[in-house]
Structure formats: C-alpha cells, structure tokens
Amino acid sequence: MTIRVGIIGASFARAAYLPALRTIGAAELVAIASARLSSAQSAADQFGIPHVYDDWERMIGEQEFDLVCIATPTIFHAPMTLAALKAGAHVLCEKPMAMNRDESAEMLKTADVLGKLHIIGHELRFNPNRRKIKSLIDSGTIGDVRYVNIHNVSPSWGDPAARRAADWLLREDMGGGRLGASGSHMIDLLRFWLGDIGAVSGQVATMVPERFDKDTGAPWRATADDYFSFTAEMRNGALCSAFVSFAGRHGTGNQTQIFGAEGTIMLDESDEKLLVARVGEDFQDMSLRDRNADLPGIGAGIWNVSFVALMEELTAAIREERQLARGATFADGHQCQIALDALRQSSRERRWVAL
C-alpha cells in the first residue's frame, strides 16, 4: 500500500518530517503547503514533491491524502487538523496540540468519530534513552519514584535582538512560548513515565518583553513566555518539578533527574548520557544510541532522529489498518493540553490547580 502524504508547514517539517518520510518506501510525498510559496517550493525541490501550495485549504481540497502532517504555528493546528480529518486523512499534528483544551477536545472527538489514526509530534517517546527510562521505572529498578527534577536554561532568546519582529514563537496570540514548545514535551514524558497528573502549580512569564528586530533593529514587544516553572503532583504520589528559561545569557543545558526509593536515574540531553544507580552502587552508563542516527539525510539531534521511528510506526499502522502500538495520540495530547491550560491558570491565580 502506498501512503499518500501531504505536509503543511515548511520549517520544522523540512528538518524532521520530510527526511524521516523519505526513508519509508511506502510513503509518497504528494504535496506541501506553506504560507510562503517560496518556502514550500524550496522544500518541494529538495524532496521531490510534485504539488506546491501557499493555501493549505486549497491543497486539502484538491489532493487526496492518506496522511496529513501539520507543522505550523499552534493557532492553525485545530482548523488544519479538523479539515484534514474530514477530508479522510489520518493526522500527525505538531505539539502543543492546540490553543486550549476546548480545541484539543474537538480534535480528539472528530478523529475518533471518523475512525482516523492520530498522533502528536512528541517524538521523544520514540527515543531509546527515554524508552529505557520507562522500562527502568516500570520494572522497579529504582523503586517507587519519589520526585523528578528537570532543569533547562538556554541563552537562545536572552539577547533582545535575537529574534525577528513578530516571531510567532514569541506571540501569545499565535500560541507561541516555551511552555507550549518545551513544557508540552516535559509534561508528555512525565505522563509517559509515571501516569496521569493530579494537580499543578506554576509560573509562566515573559522576562524579555522589549525586543529589537534582529535584521533591522526596529523595536517590538514579545507577548509569549520565555520562562516557566512548575510542580506537578502525579496521581501515583510522585512530585515533579521543572525550571525552564530561554532568557538566560548563558546556558546550563537540559538535565533530568529521577529519584526513586531504591535508586536514581540521570539524563543529560547535551550528550545523551543515561546514568543509573541503585542504592549502594556506583552509577552505570546505560546510554542507548538510536539505530536511525546514521541514516543518510537525517539531521543530527534527538528531535530529528526520533521522528524516523515515529513515522515508521505511524505509516505501518496506516498500512496494516491497526491502532498505534506506540506514540502520543490525540488523547495524550488532550491531557497535555489540560495540564498546559491549568499551569497558565495557576500562574494567573497564584494557586494549585487540580486536573
């Protein structure tokens, strides 16, 4: 079976989706749409895509797809997903799933009613080290998890002149901000490892609102968050904390520490070192390397490489007419969206919010 694929978005999709799909023989890249026709055309030329659009609605109306992959600003996720589903396609939607829980609920309901496969771009569920963490927790290697600490400080947005004016990632009305971009991954991994979240308390802030266009120097104002922190009380009793800022002038990297009754797990994203120790033992390096890391044409880094396994599972499920065996579905995306909304509410109202 040939799987006819349509792509909406020509930035991250070009870096991750298209290289991954090119490794899958059953996938036929039919069309790509982008707000800028030049971007769509450039990606089409690189990956041999025959049809190019600057109007995603026209693309969905004119072409027939088995799968539509959506990698656009968050504000477009719901309308694009609903249109693709109603046109008969299965859907991969980038994270965060939607602007709010009402949108994500409608996306999930529509996909289920129409009987279409759905997956969120939480590719780290396919990363071997993060899957190893799940197996270590599930097997009881470190005992009951007591608490998790995630710390990530980056300087990438710290310079007020680091971004172009009105960059959607720094616009609240477009669904930008680090809570959606980074926090959604963290929440999904916490749920993947430990189950559902019971309650959250957090703070979401814009530390560098006054900015200057990186090309022209013209002043502009950022409205989306460049900082967030939270504590999540999991339903199994574990406490999880995260501190994330992209407004630093120096970075500390991204570290995850998981403390159990019988041991500890540590993962550093900078080198993907997975260290594990039980009580009374030294830390052992249990790092795993992704089998797809050396595929030709796949970009470096866990974000790009992990998408190969995601696309393999998604296209196999479509071809075999079965449910997904792995990955974050729209049901997971909706639960993540509920948590994101609750964290924003917690920040506004300065209180714990039950999910």
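**Entry 1: helix α2**

I started at glycine 48, which follows α2 and has a positive phi, near 65°. Helices here are DSSP runs of H or I with at least four residues, strands are E runs of at least two, and both are numbered from the N terminus. The model is predicted, so I note that local features need pLDDT of at least 70, side-chain atom pairs count only at pLDDT 80 or more, and totals for chains, interfaces and linings use all residues. Numbering runs from 1 along each chain as its sequence is written, and side-chain values use heavy atoms, without hydrogens and water.

Next I listed the buried residues of α2 (residues 37-47): Ser39, Ala40, Ala43, Ala44 and Phe47. Buried means under 20% relative accessible area, exposed over 50%, partly exposed in between (1.4 Å probe, protein chains only). Down the axis of α2 these buried residues fall within an arc of 130°, so they line one face. The arc is taken over directions from the helix axis to the C-beta atoms. Ser38 and Asp45 are exposed on the face turned away from the buried side. I then checked what the buried residues pack against: α1 (12-22), β2 (27-33) and β3 (51-53). Contact means heavy atoms within 4.5 Å.

**Entry 2: nonpolar cores**

I looked up the largest nonpolar core, which has 44 residues. Such a core is a set of buried Ala, Val, Leu, Ile, Met, Phe, Trp, Tyr and Cys residues joined through side-chain atoms within 4.5 Å. Leu194, Ile258 and Ile265 touch the most other members. Helix α7 (residues 178-194) gives the most to this core, with eight residues. A second, separate core of 38 residues includes Ala27, Ala40, Leu67 and Ala309.

**Entry 3: isoleucine 142**

I found isoleucine 142 in the loop between α6 (128-138) and β7 (145-153). Its relative accessibility is 0%, so isoleucine 142 counts as buried. Leaving out residues up to four places away in sequence, its contacts include Leu136, Ile258, Ile265 and Arg278. I also took the C-alpha separation from aspartate 66: 43 Å, at 76 residues apart along the chain.

**Entry 4: second largest pocket**

I read a volume of about 320 Å³ for the second largest pocket. Of its 17 lining residues, Glu172, Gly176, Val204, Asp225 and Arg344 are the closest to its centre. A pocket is an open set of points on a 1 Å grid over the protein atoms alone, where a 1.4 Å probe fits, with protein on both sides within 12 Å along at least five of seven lines; lining residues have an atom within 4 Å of a point. The largest share of the lining, four residues, comes from α9.

Notes:
Grid points are joined across faces, edges and corners, and a volume is the space filled by probe spheres set on the points.
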